[in-house]
Amino acid sequence: MLTMQEIRTHYYFTETDAELLKELFPLAQENSQAMVEDFYSYLLKIPETAAFLRDPKDLARLKKTHSEWFLSLFSGRYDNEYMLTLQAIGQAHVRIKVSAHYVNAAMNVVRRFLIEMLQASFPDIAVRRKYRIAVEKILDINLDIMSTSYQEEELRKVFVSHKLESKLIHAAERFTYGLNLILVIALTGVSLSVVTLFFWDLVHIFQGNFEKGILSALGSLLILWMMIELMDNEIKTLKGGKFNILIFIGVIIVALIREILISTLRHDALETQAFLAGTLLILGIVYYLVAKSQNFTAH
Ligand code: HEM
């Protein structure tokens, strides 16, 4: 954080400027009432700022506050205490949510008032110029310090939301990772069941039921093959890869083929077999379209 001395240096604000401003104090005091009238007629004309000045009791108090601030421009003392007061003023406006835009615009009103005041009081251009330069510097310093409160508030908001965002994203990532891990464990369980199914099909063959046994075993192997693909895909996802939806559709297709094989052996009703074949056709089309769109995005 800058000290008042550093700020003064950056604005080439010298002791001579401080003296010049102090010399202006009696003139500022004479004009403070008029300045406050200008300031308030401006603020009351804008609905957004007028909203802060509705209560007549508050208005009288605020006029006094703003007038005191105006006179403090010409106190001749511009030390760290002065800087802290300006920071507190900035924070007061941030707290009540007066937009920085209106503070800047109000400062412009004060600037114009002071330029006219100097114009009316100092006909000599050289004299007026040195006072004007000192006035411009102190107004800019005021605005600079008051604006810092707004910038700090913005930074605080960005910092808080950024921290919250990254924490949320991190938590969501951990959650998805956990879900994927559960999925891999579940897939291992299902794969083991398919292996059991395959051995059960082999038992059918040894029991003499060749046709059913061989077709079922073939179907089970197909499912097992797709399960391996699915698990491989899941493990890649866990390692940070992309999930391939095609494999998922492939597993359903293979499971359906197995069901069709068994259904023909069971001599199921024609409608059942037609339904299964129709579903297989639809899934085949979906598979084809997804594969095509994946090829399209890859190129
Ligand atoms: C040149 C720009 C401005 C200066 C130098 C200034 C100065 C001040 C000062 C010295 C205070 C007292 C702060 C405190 O209690 O610590 C104050 C408070 C206040 N100002 Fe300003 N002001 C400016 C612009 C505005 C504008 C644009 C509005 C809009 C209506 C406004 C509305 C208020 C209000 C409502 C308070 C009372 C805050 C509270 O209750 O805490 N001011 N201002």
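Predicted model: local features only at pLDDT ≥ 70, side-chain atom pairs only at ≥ 80, totals over all residues.
Residues are numbered from 1 along each chain as its sequence is written, and side-chain values use heavy atoms, with hydrogens and water left out.

I next looked up the aromatic pairs and found that the structure holds 7. Rings of Phe, Tyr and Trp (its six-membered ring) pair if their centres lie within 6.5 Å; planes under 30 degrees apart count as stacked, over 60 as edge-to-face, and the rest as tilted. How are the rings of phenylalanine 70 and phenylalanine 113 placed? Their centres are 6.2 Å apart and their planes stand at 80°, so I noted the pair as edge-to-face. Phenylalanine 70 sits in helix H5 (residues 56-72) and phenylalanine 113 in helix H7 (residues 100-121), so this pair ties together parts 43 residues apart in sequence. For the helices, I kept in mind that they are DSSP runs (H or I, at least four residues), as strands are (E, at least two), numbered from the N terminus. Phenylalanine 70 is buried too, with a relative accessible area of 0%.

I also found Phe13, Tyr78 and Tyr82 linked into a cluster by ring pairs. Elsewhere, lysine 130 lies over the face of tyrosine 131, at 5.5 Å from the ring centre; this label asks for NZ of Lys or CZ of Arg within 6 Å of the ring centre and within 35 degrees of the ring normal.

**The core**

Which residues have the most contacts inside the largest nonpolar core? I found Phe70, Leu73, Phe74 and Leu114, in a core of 49 residues. Such a core is a set of buried Ala, Val, Leu, Ile, Met, Phe, Trp, Tyr and Cys residues joined through side-chain atoms within 4.5 Å. Among the elements giving two or more residues to it are helix H1 (4-10), helix H2 (15-23), helix H3 (25-45) and helix H8 (125-206). H8 gives the most, with 10 residues.

**The iron atom**

Which protein atoms are donors of the iron atom of the ligand? I found NE2 of His66 and NE2 of His93, lying 2.0 to 2.2 Å from the iron atom. Donors are N, O and S atoms within 2.8 Å of the metal (3.2 Å for Na, K and Ca), and sites may look incomplete, as water is not among the atoms. The 6 donor atoms subtend angles of 80 to 178°, which makes the arrangement octahedral. For that label, six donors need opposite ones over 155 degrees apart and all others between 65 and 115. The histidine pair links distant parts of the chain: histidine 66 is in helix H5 and histidine 93 in helix H6 (residues 80-96), 27 residues apart. Both histidines are buried.

**Two loops**

Tyrosine 12 has a phi near 50°, lies in the loop between H1 and H2, and is exposed at 67% relative accessible area. Lysine 97, with a phi of about 70°, is in the loop between H6 and H7 and is exposed at 68%.

The loop between H6 and H7 also holds valine 98 and serine 99. Valine 98 is buried, at 10%, while serine 99 is partly exposed, at 34%. I looked up threonine 49 from both: its C-alpha atom is 7.4 Å from that of valine 98 and 8.8 Å from that of serine 99.

**Annotated regions**

The unreviewed UniProt entry gives "domain: Globin-sensor" for residues 12-154; its annotations may be inferred rather than shown by experiment. I found this stretch to be 84% helix and 0% strand. The entry also places "transmembrane region" at residues 177-200, 212-231, 243-262 and 274-291. Residues 177-200 are 100% helix, with end C-alpha atoms 35 Å apart.

My last stop was isoleucine 260, in helix H10 (residues 245-265) and partly exposed at 24%. Its C-alpha atom is 99 Å from that of lysine 22, which is 238 residues away in sequence.

Notes: Buried < 20%, exposed > 50% of the residue type's maximum accessible area, 1.4 Å probe, protein only. Tetrahedral: all angles 85-135°; square planar, octahedral: opposite > 155°, others 65-115°.
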